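Please find below a short note on the structure shown here.

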Amino acid sequence: MSQKRGASASFLVGAGIFLSRIAGLVRQKFFAYYFGTSIAADAFNAAFRIPNMLQTLFGEGVLSASFIPEYSRLLAQGDETRARRLAGAVAAGLALVSSIVVLLGVLAAPYLVALIAPGFTGERRDLTVQLTRILFPGAGLLVFSAWCLGILNSHRKFFISYTAPVLWSAAMVVALVLFGRNNGQHRLAEIFAWSSVIGSALQFGIQLPFVLPLLRGFPLNTGFSDESARTVARNFVPAFVSRGVVQISAFIDAYIASWLPQGSVATLAYAQVLYTLPVSLFGMAVSAAELPEMSRAVGTDEEVGAYLRGRLSSGLERIAFFVIPSAIAFLILGDMVTAALYQWGRFTRTETIWVWQALAGATLGLLASTWGRLYSSAFFALRDTRTPRNFALIRVFLTISLGFLFALGIPYWTGIDKKWGVMGLTASAGIAGWVEFFLLRDRLEKRIGSVRIPRVRILSLWAAAIASAALGWGAKYLLHGAPGAWSAIVVLAVFGASYLALCIALKVPAARSLVRR
């Protein structure tokens, strides 16, 4: 029953994320149409990384690690009063810290831009500073959206919290449609940034009617002396460091990309939207659904270990079923994926090939990144945030070191086009992701025992994905390699249908479950 409940929960999370990601892809398609890889595109994507740090650090990532396990434990024990007080204390703490950070971010925007995009000069730098100041308050609102997500997830109400970002994307698309034709790119970028702030407010506001009945009001309080609040605070610091170093890694990527040819920052952002899609849809969906369930594990160490092994094994197999074909599609059919979503207006075939290069590099660590999320959730469920933090530090160190080498060093020494540096950035992150995954798996198995998916099952998935990609490539050849959106959809449809059919023929459980659902 618990396995079925976990699959159902991950389906709801995945469905919510799917809708929000589709909305995000529509947003990016309109962004590509109006901005392409222009100066305004580079400026907005660089500016967005800075306030996004606030939402990531104090929001979903840290709350998943520190708040959800403790809050879920109190609910499992039937202590709703303490759970409600804990939610109020966390809300008060987030309000205080995020307000201070937003104020400092607005005031220090020029210095922050100098840190993450030192290659930006002149109007590109000035616009980035201006957009950063606009975007910071919206990031503060998204922190409270993440708090709502933590409450709803713990009560096994997954769908609304993961579909709420649809409103955020919708607000930004509406702004482009209304103002895109009558404004210059710099002015349009400012309008786009303000629409992001409005969308953040909508994303937070739509969740409140669902959260408040669960908490019987808005329980804002400063009851930080409670043991549960102290537990969250203790776990918050290592979780904050863990998420912080990941953000530093993202900033370093932007820093390196700012020294590459114009459009590199925007190209990296376009590629990230695509290659993080399977990570979010499948890695996050399974991990988010499993975290509150794993956090409810009770009994002896042996009983807890057996329970976690069962949930991990099921989750890893579900993730592999979806992520392996995603990696193959990005590697072999990445130009068709990019064309289907972006090739429009100012986004030409040249930009499509550039993004494909970045996608090809990202495929190297796609499976490791998604599996790693699930292993991190298992550590969080065990109230251990320090182990994921330590391994995240190692991963970030490798990402930064290899990023400089692959993106700047190799093009300089070999004389190849510097545009290949974007692919070097995504490939370096993939290598570091595998190192982190193996470290997480080894440490967790020492605590709960071995967790393995049958090798023949994994090989079957790889074989099915490669064979399906070959059929997709054949369809592309018959269409004479036409890069248009409709031909890309046909090629990807052939690939997806072939993969599902082959997996059913190979009796892959996840494929049969998908068809039944």
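Predicted model: local features only at pLDDT ≥ 70, side-chain atom pairs only at ≥ 80, totals over all residues.

**Notes on surface, helices and aromatic pairs**

1. A nonpolar surface patch of about 670 Å² is formed by Leu405, Ile410, Tyr412, Trp413, Ile416 and Trp420.

2. In helix 5 (residues 109-116), the buried residues are Ala109, Pro110, Val113 and Ile116. They cover an arc of only 140 degrees around the axis, and therefore lie on the same side of helix 5. The face turned away from that buried side carries the exposed residues Tyr111 and Leu115.

3. Helix 17 (residues 455-478) has 24 residues, which at 1.5 Å a residue should span 34 Å; the end C-alpha atoms are 35 Å apart, which agrees. Among the buried residues of helix 17 are Ile458, Leu461, Gly472 and Lys476.

4. The whole structure contains 20 aromatic pairs. In one of them, the ring centres of Phe31 and Phe35 are 4.7 Å apart and the planes stand at 35 degrees, so the pair is tilted. Phe31 and Phe35 are four residues apart in helix 1 (residues 2-35), and are therefore separated by about one helical turn. Phe31 is buried, with a relative accessible area of 1%, and Phe35 is buried, also with 1%.

5. Tyr375 and Phe437 form an edge-to-face pair, 5.6 Å centre to centre with 75 degrees between the planes. Tyr375 lies in helix 14 (residues 366-381) and Phe437 in helix 16 (residues 421-448), so the pair ties together parts 62 residues apart in sequence. Both Tyr375 and Phe437 are buried.

Definitions and conventions. Residues numbered from 1 in each chain as written. Heavy atoms only, no water. Buried < 20%, exposed > 50% of the residue type's maximum accessible area, 1.4 Å probe, protein only. Helix = DSSP H or I, 4+ residues; strand = E, 2+ residues; numbered from the N terminus. Arc of directions from axis to C-beta. Expected span 1.5 Å × (residues − 1). Patch = residues over 30% accessible without salt bridge, like charges linked within 9 Å, V, L, I, M, F, W, Y side chains within 5 Å. Areas by Shrake-Rupley, 256 points an atom, 1.4 Å probe, with all protein chains shown as cover. Salt bridge = Lys/Arg side-chain N within 4 Å of Asp/Glu carboxyl O. Phe/Tyr/Trp six-rings, centres within 6.5 Å; stacked < 30°, edge-to-face > 60°.
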